[in-house]
Amino acid sequence: MITTALRCAGLFVVMFFSLFPVYWIISFSIRETSELLKYPPSFFPETINFDAFVTLFEFIDMTGYISNTLLVSLSATAITIIVSTMGGYALARRKFAGRDAVGLMMLSSQMIPTILLVVPLSLIMQFLGLLDSHVGLVFALVGITIPVGTWMMKGFIETVPFELEEAAVFDGCEAWEVPVRVVLPLIMPGIVTVGMYTFILAWGEFVFSLTLLRSEEMRTLPSAMAVNFGRTSIDYEVLMPMAVTYMAPALLVMSLFQRQLTRSIAQGALKG
Amino acid sequence: MARIEFDNVGKSFGDVSVINDQSLTIESGELLVLLGPSGCGKSTMLRMIAGLETPTSGEIRIDGVVVNNVRPKDRDIAMVFQNYALYPDKTVYENLAFALRRRGTARSVIDQRVREVAKSLEIDAFLKRKPAELSGGQRQRVAIGRAVIRRPKAFLFDEPLSNLDAKLRVQTRTEIARLHRQFEGTTIYVTHDQAEAMTLADRIVVMNAGEIMQVGRPTEIYGAPNNLFVAGFVGSPEMNYFEVDLEGRDGQPHMVHPQFSVPIDAELENRLSAAPGRRITLGARPENLRLNGAATSGADSVSLSAAFDVVEELGPVTYLQGRAGETAVTAAVEAGAQPPLSTAMPLSVRFADLHFFASESGLRL
């Protein structure tokens with residue numbers, strides 16, 4: 001009984017620290033302007049209105065920012081899923097010289113802080129003529145997500161018994177069909193997990209989007225937020241609804257695929 | 001039905017040789033069991049027949065056609081895997097139908113065959129279930145059904161009963177024997193379980209370290225093992241061994257052991273003297289050791305004394321474990337026998353029941 005109570009109390013503390021900032025942003029986005037700078041602030045909004053959202057979309061090119069962010073995030077997600085699945089399959093199933101070295105290199109690439117990559121990546125993108133382009137940003141993003149995705153997919157593919165592939169060969173599948181017809185349906189939870197990881201990372205990625213994108217019409221949401229606010233003042237009236245708009249897709253993706261994610265974490269009982 | 005031939009087949013993985021230039025003919029319609037310990041190469045032999053491994057040297061022929069480089073799907077054979085290898089995302093029906101669908105068989109024919117096979121394997125009640133919803137035995141029957149439904153020329157079984165409990169293993173073993181008679185395909189069955197091999201096989205191939213040690217009917221393998229490895233691997237509990245020297249005493253050849261010295265006739269001496277160093281290993285099955293009153297000491301038997309300290313009652317038979325001097329001895333006695341423990345007792349074994357091996361080479365004399 002005491003253990004359960006302690007466990008609940010612990011969970012409550014953790015949840016409070018995780019969810020309070022989210023509540024605070026949402027709560028501030030729907031308050032009257034006059035209420036925003038009140039001190040001390042009230043826990044619950046005294047009035048509720050959505051004028052800030054209307055203002056936001058009226059005076060700032062939110063549609064542009066959102067479509068840019070979506071374009072970059074979905075492209076990075078699609079590329080990561082395709083490359084990681086194929087790479088993960090190769091690492092899990094094929095024997096080739098340097099396989100372990102390739103795997104280790106991919107893993108070790110994660111040890112380099114993103115900020116250190118900014119200058120070399122900027123130079124590379126400039127050389128390739130990809131600076132201030134979404135293609136360049138997508139390349140930079142998948143450079144981070146593909147190694148992680150490949151390792152995740154390798155793990156998922158290794159849970160599929162190899163005998164299933166051999167059985168498929170007897171059942172008449174061509175070599176190229178085996179991964180597609182037999183392995184792919186069984187690693188869907190893994191694909192969803194890698195997709196979610198990439199989408200959320202790409203949607204929220206700040207450092208590359210701030211440094212690799214220069215012109216206003218190319219900006220994605222995170223860098224747009226940084227560029228538009230905070231230089232000389234903080235305009236909470238616009239910042240909070242913008243933050244809500246920024247959070248919404250990530251929360252939506254998480255809640256839509258939550259079940260798949262849980263399943264993929266618990267996966268491993270593929271035998272049979 | 002297919003006749004399968006191995007002609008000096010070798011298989012290496014890098015520098016490691018797994019199969020060393022072996023030849024074997026599997027007759028059309030027979031049930032041949034590849035028996036041996038882990039790592040002996042039996043699964044590699046099976047996988048080479050399947051086309052999942054390519055021989056490094058030699059030829060494999062199916063019905064006279066060299067198939068070294070023929071793809072598995074074009075060999076018209078089916079394989080049942082140890083861990084069932086059923087598609088977890090497909091129902092039992094879909095698992096059974098998959099191979100036929102891949103071959104473009106008409107939907108009505110597929111449906112008819114799936115129901116036929118499911119009925120004969122008593123899995124017709126589970127057609128809509130997925131593998132995870134089945135017991136181990138049911139999954140194994142689905143795996144067998146998936147092999148049978150294509151009506152292939154040959155069936156390959158790779159330790160199919162290893163994941164089943166003891167009772168189910170016996171049931172499924174019987175089922176496989178019945179299916180073999182019903183479908184009449186050439187069947188090659190890999191196992192390390194000698195009981196499976198003895199009960200199922202038309203012929204057994206005993207393998208060790210990439211070499212075929214002996215090929216023969218189960219009774220031949222058990223009754224006349226070619227060498228000490230086969231003698232030791234087939235039969236449980238293992239055969240008893242006694243190291244003896246061939247010596248002349250009082251003008252007559254004798255087999256001399258610290259426990260006994262037995263005169264032998266010239267004919268037997270002639271046979272045994274081929275052993276290098278005239279050192280011989282006598283083998284005696286536990287059921288051929290006779291205790292106490294059953295002892296028939298005389299010119300045609302070996303007598304010794306042993307003290308037993310462990311009694312293993314298995315129901316139909318009781319095994320006694322002990323020592324005859326420095327040599328470990330196991331004897332089979334009738335159920336319920338209660339011999340005194342830790343007391344030296346006379347034992348005997350008839351010459352006719354003894355197996356003679358050259359100690360150095362391990363070969364049968």
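# Questions on a predicted model

User: Over which residues of chain A does pLDDT stay under 50?

Analyst: This is a predicted model. The stretch in question still has 14 contacts beyond four places in sequence. In chain A, pLDDT stays under 50 over residues 268-272.

User: Which helix of chain A has the highest confidence?

Analyst: Start with the chain as a whole: chain A averages a pLDDT of 87, and 94% of the residues score at least 70. Confidence in chain A is lowest in helix α14(A), residues 258-266, at a mean of 70.

User: Are α10(A) and α13(A) roughly parallel or antiparallel?

Analyst: Helix α10(A) covers residues 188-204, and helix α13(A) covers residues 236-256. Their axes come within 10 Å and cross at roughly 170 degrees. Angles over 145 degrees count as roughly antiparallel. Therefore α10(A) and α13(A) are roughly antiparallel.

User: How many nonpolar residues are in the contact of α10(A) with α13(A)?

Analyst: From α10(A) come Met196(A), Phe199(A), Ile200(A), Trp203(A) and Gly204(A). From α13(A) come Pro249(A), Ala250(A) and Val253(A). By class, this contact has no charged residues and one polar residue. The number of nonpolar residues is seven.

User: Which helix supplies the largest share of the side of chain A that touches chain B?

Analyst: The contact takes 16 residues from chain A and 20 residues from chain B. On the chain A side, α8(A) (162-170) and α9(A) (177-186) each supply at least two residues. This side has ten nonpolar, two polar and four charged residues. The largest share, six residues, comes from α8(A).

User: What percentage of the residues in chain B are buried?

Analyst: Chain B has nine helices and 20 strands. Its C-alpha trace spans about 85 × 50 × 35 Å along the principal axes. A residue is buried if 20 or more other C-beta atoms lie within 10 Å of its own. Of the 365 residues in chain B, the buried part is 40%.

User: What share of the contacts in chain B with a separation of 6 or more comes from residues 24 or more positions apart?

Analyst: Two residues are in contact if their C-beta atoms lie within 7 Å. Take the contacts in chain B with a separation of 6 or more, then pick out those between residues 24 or more positions apart. Their share is 65%.

User: Is the crossing of α2(B) and α4(B) left-handed or right-handed?

Analyst: Helix α2(B) spans residues 92-102, and helix α4(B) spans residues 136-148. Their axes come within 8 Å and cross at roughly 25 degrees. The two are therefore roughly parallel to each other. Their crossing is right-handed.

User: Which residues of α4(B) make the contact with α2(B)?

Analyst: The residues of this contact divide into four nonpolar, two polar and one charged. From α2(B) come Val92(B), Asn95(B), Leu96(B) and Ala99(B). The residues from α4(B) are Val142(B), Gly145(B) and Arg146(B).

User: How far apart in space are Asp300(B) and Asp265(B), C-alpha to C-alpha?

Analyst: In sequence, Asp300(B) and Asp265(B) are 35 residues apart. In space, their C-alpha to C-alpha distance is 9.8 Å.

User: Where is Asn8(B) placed?

Analyst: Asn8(B) has a positive phi of about 50 degrees although it is not a glycine. With 12 other C-beta atoms within 10 Å, Asn8(B) is exposed. Its place, within residues 4-13 of chain B, is strand β1(B).

Definitions and conventions
Residues numbered from 1 in each chain as written. Chains lettered and ligands numbered in written order. Predicted model: local features only at pLDDT ≥ 70, side-chain atom pairs only at ≥ 80, totals over all residues. Axes fitted to C-alpha atoms, helices over the stretch in contact; angles between N-to-C directions. Helix = DSSP H or I, 4+ residues; strand = E, 2+ residues; numbered from the N terminus. Parallel < 35°, antiparallel > 145°, perpendicular 65-115°, else oblique. Left-handed = near helix turned anticlockwise from the far one by under 90°. Nonpolar A, V, L, I, M, F, W, Y, C, P; charged D, E, K, R; others polar. pLDDT = per-residue confidence, 0-100.
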